[in-house]
Amino acid sequence: MFANVLSGKVRSVGLTAVMRAAGMVTRLLPIAQPTMMVGPGSSARLGQAINDFGHTRVLVVTDPVVAKLGLMAPLLQALKAGDTDYVVFDEITPDAPMALIVKGVALFKKTGCDAILAFGGGSAMDAAKAIGLAAANHKHPAQLVGYFKGRRAPAPIYAVPTTAGTGSEVTVAAVISDPETNRKLVIADTRIVPRMAALDPTLMVGLPPEVTAATGMDALTHAVEAYIGHWGTAFTDRMALSAVSMIFDALPVVHVNGGDLAAREKMALAANYAGQAFTRANVGYVHAIAHQLGGLYHTPHGLANAIVLPYVLRYLNPAIGPKLALLALKAKVGKPGETQAVLAHKFLDAIDAMNTRLGIPATLEALREADIPALARAACREADANYPVPMYMAQSDCEQLLRQLLPLPSGAGLAARPAPRKRAPRNKMPV
């Protein structure tokens with residue numbers, strides 16, 4: 001047992017040192033900041049701006065629901081008025097499956113497009129990024145998974161998010177999926193950040209409350225994980241803390257009143273700020289676990305993040321107490337002068353309360369006990385290789401955390417959130 005404890009500590013210290021060194025490199029990466037247009041009608045103004053760049057033809061990447069709702073009409077009318085030709089690819093489904101990326105690349109090349117416009121949620125934006133990079137490098141998207149796998153930059157990419165969640169309009173990542181292996185895959189490259197983006201709150205007023213809740217908690221997860229990891233900078237901390245404050249203020253409002261344009265705009269900005277934070281500071285165990293749940297059970301990413309977030313934060317509490325305390329103040333759930341421990345627990349309780357208020361379940365109905373070892377193994381592998389987490393989990397700890405997500409007994413109800421289990425004493429040393 002002593003040998004296992006020692007090896008676990010050595011592993012954590014070693015991984016932390018490697019990730020801290022990698023973090024120094026990420027600070028030097030040139031990451032472009034998109035030109036942002038914000039406010040009602042900004043999507044049409046983006047269309048007008050695109051006209052000025054003289055593109056021959058623009059590939060518009062979206063999903064069937066957005067296309068059917070007619071949300072793109074003002075932007076497409078602006079393109080038409082400026083004599084910019086476009087082709088609509090409206091087949092994107094959740095998690096941007098690999099086959100659809102390949103289909104989009106073929107359409108991009110066949111129709112002679114020289115720019116891409118992503119219009120929709122995170123899946124549409126990630127699909128557009130992947131299509132652009134794959135088309136430029138004449139590679140299958142599977143060959144681009146990982147960091148900087150393409151030699152050529154994509155054609156100019158523009159973005160209009162229709163949800164306030166992923167922040168993909170400002171990030172260096174594109175998350176796609178491989179249905180054959182039930183895996184989510186990440187393509188990362190600083191050159192896939194969109195050139196321009198529009199945050200138009202009028203596009204979000206019709207979102208169902210459950211989508212508003214899940215995407216909003218996705219943005220909150222981005223902000224929190226960016227703040228508590230080892231790669232934070234003064235800039236990313238400022239963006240993350242601002243996003244947390246704005247989300248706690250606006251998300252309950254838009255969940256009840258989706259037509260509140262001011263609150264919708266605040267959520268769009270918060271998701272954008274969180275995206276700016278995590279594109280440099282990265283994420284952590286919430287995402288590592290949520291990616292596995294999404295890959296295997298097709299759980300929507302925002303919902304998976306929302307369910308997992310409180311459990312991971314309670315696990316990490318011994319290593320991030322001071323940061324949780326500041327988060328409590330920024331979220332206005334604690335008062336100056338209260339002890340660090342009190343503030344940290346208030347923030348943890350506030351996350352639980354927010355989930356309950358938004359109707360987020362405490363457990364995952366699809367989760368099965370037999371799948372837990374493989375899920376934990378994959379999540380730990382992802383975190384070990386990619387994320388500057390404040391403290392590393394052993395697989396057994398990740399399995400224990402996942403078991404807390406198992407479905408509640410019939411009739412227990414959404415509010416019956418189980419008390420988080422205590423972590424094993426051997427992993428209490430913060431690193």
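Reader: Leaving aside neighbours within four places in sequence, which residues is Thr111 in contact with?

Author: A contact here is a pair of heavy atoms within 4.5 Å, and on that reading Thr111 touches Arg57 and Val87, once its neighbours within four places in sequence are set aside. Please keep in mind that this is a predicted model, in which local features need pLDDT of at least 70 and side-chain atom pairs count only at pLDDT 80 or more, while totals for chains, interfaces and linings use all residues. Residues are numbered from 1 along each chain as its sequence is written, and side-chain values use heavy atoms, with hydrogens and water left out.

Reader: Where is Thr111 placed, and which backbone oxygen does its side chain reach?

Author: Helices (DSSP runs of H or I with at least four residues) and strands (runs of E with at least two) are numbered from the N terminus. Thr111 sits in the loop between α5 (98–110) and β4 (115–120), and its side chain comes to 2.6 Å from the backbone oxygen of Leu107. A polar contact is a pair of N or O atoms within 3.5 Å, where within protein one must be able to donate a hydrogen and the other to accept it, and where residues adjacent in sequence count only if both atoms are side-chain atoms.

Reader: How should I read the chain as a whole, and how many helices and strands are there in it?

Author: The chain has 14 helices and nine strands. Buried residues (under 20% relative accessible area, with exposed meaning over 50% and partly exposed in between, for a 1.4 Å probe and protein chains only) make up 58% of its 431 residues. Of the contacts between residues at least 6 apart in sequence, 79% join residues at least 24 apart.

Reader: At what angle do helices α7 and α9 pack, and is their crossing left-handed or right-handed?

Author: The axes are lines fitted to C-alpha atoms, for helices over the stretch in contact, and angles run from 0 to 180 degrees between N-to-C directions. Helix α7 (residues 209–228) packs against helix α9 (residues 261–281) at about 40°, with the axes 8 Å apart, and their crossing is left-handed, a term used when the near helix is turned anticlockwise from the far one by less than a right angle. On the α7 side the contact includes Thr212, Gly216 and Ala219, and on the α9 side it includes Arg264, Met267 and Ala271.

Reader: Asp83 and Asp95 have positive phi values; is each buried or exposed?

Author: Asp83, with phi near 60°, is found in the loop between α4 (73–81) and β3 (85–89), and it counts as exposed because its relative accessibility is 72%. Asp95, with phi of about 75°, lies in the loop between β3 and α5, and it counts as buried because its relative accessibility is 16%.

Reader: What do the side chains of His255 and Gln292 reach?

Author: His255, in helix α8 (residues 234–256), is buried at a relative accessible area of 18%, and a polar atom of its side chain lies 3.5 Å from the backbone oxygen of Leu358. His255 and Arg357 are 102 residues apart in sequence and 9.3 Å apart in space, C-alpha to C-alpha. Gln292, in helix α10 (residues 285–297), is buried at 16%, and its side chain makes a polar contact of 2.8 Å with the side chain of Glu382.
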